Amino acid sequence: MKRNLITTILLCLSVMSNARTFDFNNTNLGNNPRVSMLVSQLTLDEKIHLLSSDLGVERLGIPHCGQDEGLHGLTLGGPGRWGLHNTLPDGTKTYRSFPTTCFPQEYGMGETWDPELISLIGDQEATEARWYAQSPLSRVSHALVLRAPNADLARDPRWGRTEESFGEDPFLTATMTCAMVRGIQGPDKTYWKAASLMKHFLANSNENSRDSSSSNFSERLFREYYSFPFYKGITEGGSRAFMASYNAWNGTPMCINPVLDSITRREWGNDGIICTDGGALGLLISGHHAYKTLAEGAAAIVKATTGEFLDRYDEAVREALRDSILTEADIDRAITYNLNVALKLGLLDGKDSHDPYRTIGADTNAVKPWLTDSARRLARRAMDESIVLLKNSPKQHLLPLDLSRVKNILLICDGKEDYADSIHQDWYGGTMPYTVTIADAFNELADSNNGLKINRMKVSNMALTAQQEQLVSQADIVVCIAGNEPIGGIDAWKKVTRPDYGREAVDRDSLNLPDEQWIRQVWQHNPNTILVLLSSFPYSINFSQANLPAIIHATHGCQEEGHGIVDVLTGKYNPSGRLTQTWPKSIDDLPPMMDYDITHGRTYMYNTKPVLYPFGYGLSYSEFKYGKMKTEVNADGDIIVTVPVKNISNRDGVEVVKVYATFPESKVKHPIKKLVAFTRCPVKAKQSAIAKLTVRRSDLEYWDEVNHKWTFEPGVRLTF
């Protein structure tokens, strides 16, 4: 009885503390005074705690708030086990995951070329994050800082984390980054639905030796290429958070690099979170050999205004304070940035908050956000739009499938990686509330089309048996489903089972698709063979491109994967996806992996070698013809481009209109061409539409390294 009374008293005291009003709760005061008031009331222990990824201070009624992954859906589970880990009284560790809406990998999201869609995806993630943080039915997660989007550029297809990038182009990636940030943070001018923490600043596109390597390149490439999506994400998207990468730039590790303060804070205005990547503190000592002790490393990180550690850091920070190589004032400055984000999330408002998002999840009778019809439709739309039609031979014209003639479809997969019966997730994938596999979607198709038969086959050891050859020859259409396993074929760190596989911590050693061995045999026995390439990055599928009549590309990870694939194959959705990266003919055509100077022939902007598929490539079931471009310069110096786009086919479609700039009269070296505007233009069959695009003057400027400023040169030419 006494124990129960003590417990009750403690609970009451806790509630009273949380219900108290503090001076920093006053929303009528300015943001800076409120945060300053809070910092002045913190104990040293609380300040050190705020160097973690948790923004909460229980004593002052500030709720716990951490981080979660969100590259293509909020991650509260999945292969990376981002759910909850609990230790039972007997010491047993348990794990729980929770469902969230899962979209195509970010690489596939980029291939939609649809910023509006990307914003809707960000909004869905933020809504689910709020629900899990606030619903009385949940209380399983307190994460309102989402590690998304990844603003890294996919400069090389060997990069193991290519799947996490929107693509190789800085303008496209910046546009999609801003769209994702706006979707996550929401339209309210005072509060954010969630906070967007971009990854990984910067030039983090090699996995092998990433913990100790240096990405070396000029200040001009820093401004125009590698930092550009982050720059736009902060200055135009409104993000106030990013993660520093493991690597160094020109010899200085990023988590302590002076540009964090001098450029991203003072120039661009990031007054929010900068965090390390996991383990980065230790790597300053063991990988980069920048310091001899953890205390020295921790002090350098905090002084660089990196205010959150994804590490065990507590003792190192306390030792740095004891040794007087770090001051409490240094900590105050770093955590002030973190608390600016807490303020935008409404965490400093107390019980009388005006945060418009605070009621998400309050209605316990409402449908959970990942189970709504709108969430299902959004996932399917994302999957549909992400698919790229790489080939559709006009001679055989297999796609879209004519179901009045096609009665026998054979699905074939590699038996080890059965892509027909399962949806494969990457390290940052979530826990899907439901799945529609390719086999599921084909079975649905058969159920709604009398007489249509779907057969299945699994290939072992990359070769067909005599019986399988006979089944192949008897099919009207053969659909070969091949690609990569996103986890690398084995759930172990730094290990993959095939040289063409890549993942976090492992770069690819090959761009060849081993499945082409058995695909060749299939084609030899049935010319009506379609390749569905499910891959997180480019493949040099030279045989397939030369011989197969039809190829589509899609990425992994979406709960509506099967519907999307079948929607495109049957013409229910007219493909509009476009590649966001150059697909080379051979790995031998690429510069050395660690050559970060893209002017040496890397990406579509500087490559001069023949390629398999160029940046921006993608086919449609419609055929479009462009009229004459018209341009007009407005008062701001921006160029308004209009062009008629005619659909000369019998099928409604969407054309992705892209405007590139060339610089024939420039006195300095420029890219061969660079993307400066794009839009999705829907056009009805046999009709025309006017595509209108704005090319901003600022996007035609280059970085003048002599005068350290953006500079415009006349003589720019625009092309499609």
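**Entry: T305**

I looked for T305 and found it in the loop between α11 (294-303) and α12 (314-322). The model is a predicted one, and I keep that in mind throughout. I checked the backbone next. T305 has a positive phi of about 75°, yet it is not a glycine. Is T305 buried or exposed? Its relative accessibility is 1%, so it counts as buried, because buried means under 20%.

**Entry: K686**

I then turned to K686. Its phi is near 65°, again a positive value in a residue other than glycine. I located K686 in the loop between β24 and β25 (688-695). Its relative accessibility is 52%, so K686 counts as exposed. The cut-off for exposed is over 50%.

**Entry: cis peptide bonds**

I went through the peptide bonds with a rule in mind: most peptide bonds are trans. Which bond ends at P149 in the cis form? I found that it is the one from A148 to P149, with omega near 0°. P149 lies in the loop between β4 (143-147) and α6.

I wrote down another cis bond, from F201 to L202, with omega near 5°. L202 has its place in the loop between β6 (198-201) and β7 (214-215).

**Entry: strands around F201**

I stayed with F201 and looked at its strand partners. F201 has A244 in β8 as its bridge partner. I saw that β6 and strand β8 (residues 241-244) run parallel and are joined by 2 bridges. From β8 I moved on to strand β11 (residues 273-275). β8 and β11 run parallel too, with 3 bridges between them. Here A241 has I273 in β11 as its bridge partner.

**Entry: strand β16**

I wanted to know how covered strand β16 (residues 529-534) is. It is mostly covered: 6 of its 6 residues are buried. I recalled a general point: in a regular strand the side chains alternate between the two faces of the sheet. Which residues point which way from β16? I found T529, L531 and L533 on one side, and I530, V532 and L534 pointing the other way. All of them are buried.

I also looked up a neighbour. Strand β15 (residues 477-483) pairs with β16 in the parallel sense, over 6 bridges. C480 stands opposite L531 in β16.

**Entry: aromatic rings**

I asked how many aromatic pairs the structure holds. The count is 32. One of the pairs is F22 with F24, and it is stacked: 5.5 Å centre to centre, with 5° between the planes. I checked the cover on both. F22 has a relative accessible area of 8%, so it is buried. F24 is at 0% relative accessibility and so counts as buried.

For contrast I looked at W131 and Y132. Their ring centres are 5.2 Å apart and their planes are at 85°, so this pair is edge-to-face. The cut-off for that label is over 60 degrees. Both W131 and Y132 are buried.

I then traced one aromatic cluster. Its members include F201, Y225, F228 and Y596.

**Entry: charges over rings**

I searched for charged ends placed over rings. The charged end of R155 sits over the ring of Y596, 3.5 Å from its centre. The charged end of R223 sits over the ring of W703, 4.1 Å from the ring centre.

**Entry: cavities**

I counted the cavities of 30 Å³ or more and found 4. Which residues lie nearest its centre? They are P170, E224, Y225, F228 and K674, among 18 lining residues. I noted the elements that each supply at least two residues of this lining: α6 (170-185), α7 (219-226), α20 (603-606) and β24 (674-683). By class, the lining has 12 nonpolar, 1 polar and 5 charged residues.

I finished with the second largest cavity, at about 150 Å³. It is lined by 17 residues, with T582, P584, L590, T603 and N607 nearest its centre. Its lining has 6 nonpolar, 5 polar and 6 charged residues.

How values were computed:
Residues are numbered from 1 along each chain as its sequence is written. This is a predicted model: local features need pLDDT of at least 70, side-chain atom pairs count only at pLDDT 80 or more; totals for chains, interfaces and linings use all residues. Side-chain values use heavy atoms; hydrogens and water are left out. Rings of Phe, Tyr and Trp (its six-membered ring) pair if their centres lie within 6.5 Å; planes under 30 degrees apart count as stacked, over 60 as edge-to-face and the rest as tilted. Buried means under 20% relative accessible area, exposed over 50%, partly exposed in between (1.4 Å probe, protein chains only). A charge sits over a ring if NZ of Lys or CZ of Arg is within 6 Å of the ring centre and within 35 degrees of the ring normal. On a 1 Å grid over the protein atoms alone, a cavity is a set of points where a 1.4 Å probe fits but cannot get out, and a pocket is an open set with protein on both sides within 12 Å along at least five of seven lines; lining residues have an atom within 4 Å of a point. Grid points are joined across faces, edges and corners, and a volume is the space filled by probe spheres set on the points. Helices (H or I, at least four residues) and strands (E, at least two) are DSSP runs, numbered from the N terminus. Ala, Val, Leu, Ile, Met, Phe, Trp, Tyr, Cys and Pro count as nonpolar, Asp, Glu, Lys and Arg as charged, and the others, Gly among them, as polar. Two strands pair if DSSP finds at least two bridges between them.
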